[in-house]
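Here are my notes on the structure you sent over, as numbered points.

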Amino acid sequence: MTDNNRQKIVESVPQKGFFGHPKGLFTLFFTEFWERFSYYGMRAILVFYMYYEVSKGGLSLDETTALAIMSIYGSLVYMSGIIGGWLADRIFGTSKAVFYGGVLIMLGHIALAIPGSLAMFFVSMVLIVLGTGLLKPNVSSVVGEIYSPEDTRRDAGFSIFYMGINLGGFLAPLIVGTVGMKYNFHLGFGIAAVGMFFGLLVFIFTKKKNLGLAGTFVANPLAVDEKKKVYTRIGLGALIIAILVAVGIPTGLLTVDTFIALVGILGITIPIAYFTVMYRSPKTTDVERSRIIAYIPLFIASVMFWAIQEQGSTILANYADKRTQLDFMGIHISPAWFQSLNPLFIIFLAPVFAWMWVKMGERQPSVPQKFSLGLLFAGLSFIVILVPAYMGGTDSLVNPLWLVLSYFIVVLGELLLSPVGLSATTKLAPAAFSAQTMSLWFLSNAAAQAINAQIVKFYTPETEMTYFGVIGAAAIVLSIILFLLSPKIQGYMKGVR
C-alpha cells in the first residue's frame, strides 16, 4: 500500500472517540470480541460433543480420534490465515475479508447448531476454518491501518484490541460451555452463532462511520490479465479437491486417519518451504540470511511451546472431564469452564509483564533467553500434572486446583514467548518477506497442532504419567539447550535485540 493511501485512510477515520483512540477501534474491538466469543465458545464444548455418546447428545466418536480432529481443526485454522491474507491483499481488501469471514463463521456455527450427522460436523469445520482464515489476520491488519506509523497510541491500541480477544475468550466457555454441557450441545453452538451475528452487526452498522477508508484498499491488486489465470487456477483447484474427496471417501482412500496424516505432513513441510524460499531468494541480503538462521531455533521452540499450550483444548479438556473432581467447594464445575483460565490469566498478567520489561530496560533477558524461559514454564505445566497422579494414582479424581495451576504456569510461558515472538518476527523478517514472515510465525502454531494430532493417540489413562512426563521433560531439555545457545543465536541476529 502506498504512503498516499495510508494517509487517506488515517484522515478518513475519526481519531477520537474510544478511550482516546480512533473510533474505528470500537468497531474492530467488538467485531473481534464476538468472533472470539463464538470461536472459543464452540471450542470449549466441541471435543466433548465429538466423543460423548449419542444418548448424551454427542457424535460418539472414539476419544483418540476426537482429540486428533480437534488438533487438526486448530492447525487448519492457522494455515487458512495464509489464504485469507492473500485474498485480502490481492483481490478484495481486508474489510470485505472480515465481512465474508464473519458470514462463513456464523454459517459454520449454525451448521453445528442443527442436530445432524457427522457430515454436517465436517461441513461446519470447513466453513469455520475458511471464515476464521479470512477474518482473524485481516481484522488485525485493519487495526494497524487506522493509526499513522508515527502515532504513539498505536501499541496501546493493539493492547486494547487484544483485550477484546481475551475478554471474548474468557466469557465464551462460561456461557456457551454451561449451556452446551448442562442442557444441549446444539443450543451451545447456537449461542456461538448468535455471538458471531452480533459481531457482524457491529461491523456492518459502524464501519462506514468509524472506519472510513480503512480496509477498502487492495494492497497489491491482481492485474487484469492476472485475474483470469488466478480465478481459473482457483476453480481448477477446487474441482480437483472435490473429485479427490468424491473418489477417496467411497473407496476408503480418504479416511479421518489419512486426512490427519496429510495435515501433519503439510504442517511440517509448509514452514520448511517458507524458510527455504526466503533464505535462497536473491532479494534477501547476507545480514537478513543470518537473521533467518537465528529465527529457525526460535521457530522450533515456538512449535514445542504451542504443542503443549494448545493441548489445553484437547488432552487437558479430556483430563478436566474424566480425571478431575468437578464437585468442589459446594460448586459443580463444568469441564468447559477450564478453557476460560488462559484468557483470564492473560488479562491480569499481561500488564504486569509489560511493566516488568519497561522496569528492567536493558537488563531484561534477550529474545532467545525469553523463549527458553517460556519453554521451561510450558514443560513445568505438564510436570505439575504428574504430581497428583504420582501421589494418588491414576484411578482417583484430582483436585481441580492442580489443573488451574497447570494453566497458570503455561500462561507465564505464553507471556514470555508469544508477544516477544511477534515483535522478534517483525525485526528479523527480510524486507522483501515481511508479511509472509508474520504468516510463518503463525504457522508455528499450525505445525504444533498438526504434530499434536499425531501424538494424542499415545494418551490413555494407563500412559498418562509417561505422556505428560516425556513431553514436559522434552520441553525442559530443549529450553536448557536454547538458553545455552542464546549468545550464539543473538550473534546471528545481527544487532536485533
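1. Let's start inside. Glutamate 35 has a relative accessibility of 0%, so it counts as buried. Its partner is arginine 36: the two side chains meet in a salt bridge, 2.7 Å from N to O. Arginine 36 is buried as well, because its relative accessibility is 2%, and the cut-off for buried is under 20%. Keep in mind throughout that this is a predicted model.

2. How many salt bridges does a search of the whole structure find? The count is 7, and the pair in point 1 is one I'd look at on screen. Two others get their own points below.

3. Next, take lysine 322 and glutamate 63. They form a salt bridge too, with the closest N and O atoms 2.2 Å apart. This pair links distant parts of the chain, as the partners are 259 residues apart. Lysine 322 belongs to helix α10 (residues 315-322), while glutamate 63 belongs to helix α3 (residues 63-113).

4. Aspartate 286 has 62% relative accessibility, so it counts as exposed.

5. Stay with α9 for a moment. Its 24 residues should span 34 Å at 1.5 Å a residue, and the end C-alpha atoms are 35 Å apart, so the two values agree. The helix is mostly covered, with 18 of those 24 residues buried.

6. Which residues touch the most other members of the largest nonpolar core? They are Leu46, Met50, Phe371 and Phe468, out of 102 residues in that core. Helix α9 (residues 286-309) supplies the largest share of the core, 12 residues. The core also draws on both domains, taking at least three residues from each of domain 1 (6-221) and domain 2 (285-496). As background, nonpolar side chains tend to be buried together in soluble globular proteins.

7. Leu236, Leu239, Ile240, Ile243, Leu244 and Val247 form a nonpolar patch on the surface. Together they have about 570 Å² of accessible area. One of them, isoleucine 240, lies in helix α7, which runs over residues 224-251.

8. About α7 itself: this helix has 28 residues and reaches 41 Å from its first C-alpha to its last. That is close to the 40 Å expected at 1.5 Å a residue. What follows α7? The next residue is glycine 252, with a positive phi near 85°.

9. Positive phi values also turn up in residues other than glycine. Serine 60 is one of them, with phi near 60°. This serine lies in the loop between α2 (24-51) and α3, and it is partly exposed, with a relative accessible area of 42%. Methionine 329 also has a positive phi, near 55°. You'll find methionine 329 in the loop between β1 (327-328) and β2 (331-332). At 71% relative accessible area, methionine 329 is exposed.

10. Finally, two pairs of positions for getting your bearings. Arginine 280 is in helix α8 (residues 256-280) and is exposed, with a relative accessible area of 67%. From arginine 280 to leucine 25 is 255 residues in sequence and 39 Å in space, C-alpha to C-alpha. Arginine 90 lies in helix α3 and counts as buried, at 17% relative accessibility. Arginine 90 and phenylalanine 442 are 352 residues apart in sequence, with 20 Å between their C-alpha atoms.

Methods
Residues are numbered from 1 along each chain as its sequence is written. This is a predicted model: local features need pLDDT of at least 70, side-chain atom pairs count only at pLDDT 80 or more; totals for chains, interfaces and linings use all residues. Side-chain values use heavy atoms; hydrogens and water are left out. Patches are made of residues with over 30% relative accessible area and no salt bridge: like charges are joined within 9 Å, nonpolar side chains (Val, Leu, Ile, Met, Phe, Trp, Tyr) within 5 Å. Accessible areas come from the Shrake-Rupley method with a 1.4 Å probe; for residues, only the protein chains shown count as cover. A salt bridge is a side-chain nitrogen of Lys or Arg within 4 Å of a carboxyl oxygen of Asp or Glu. Helices (H or I, at least four residues) and strands (E, at least two) are DSSP runs, numbered from the N terminus. The expected span of a helix is 1.5 Å times one less than its number of residues. A nonpolar core is a set of buried Ala, Val, Leu, Ile, Met, Phe, Trp, Tyr and Cys residues joined through side-chain atoms within 4.5 Å. Buried means under 20% relative accessible area, exposed over 50%, partly exposed in between (1.4 Å probe, protein chains only). Domain bounds come from an automatic or database domain assignment.
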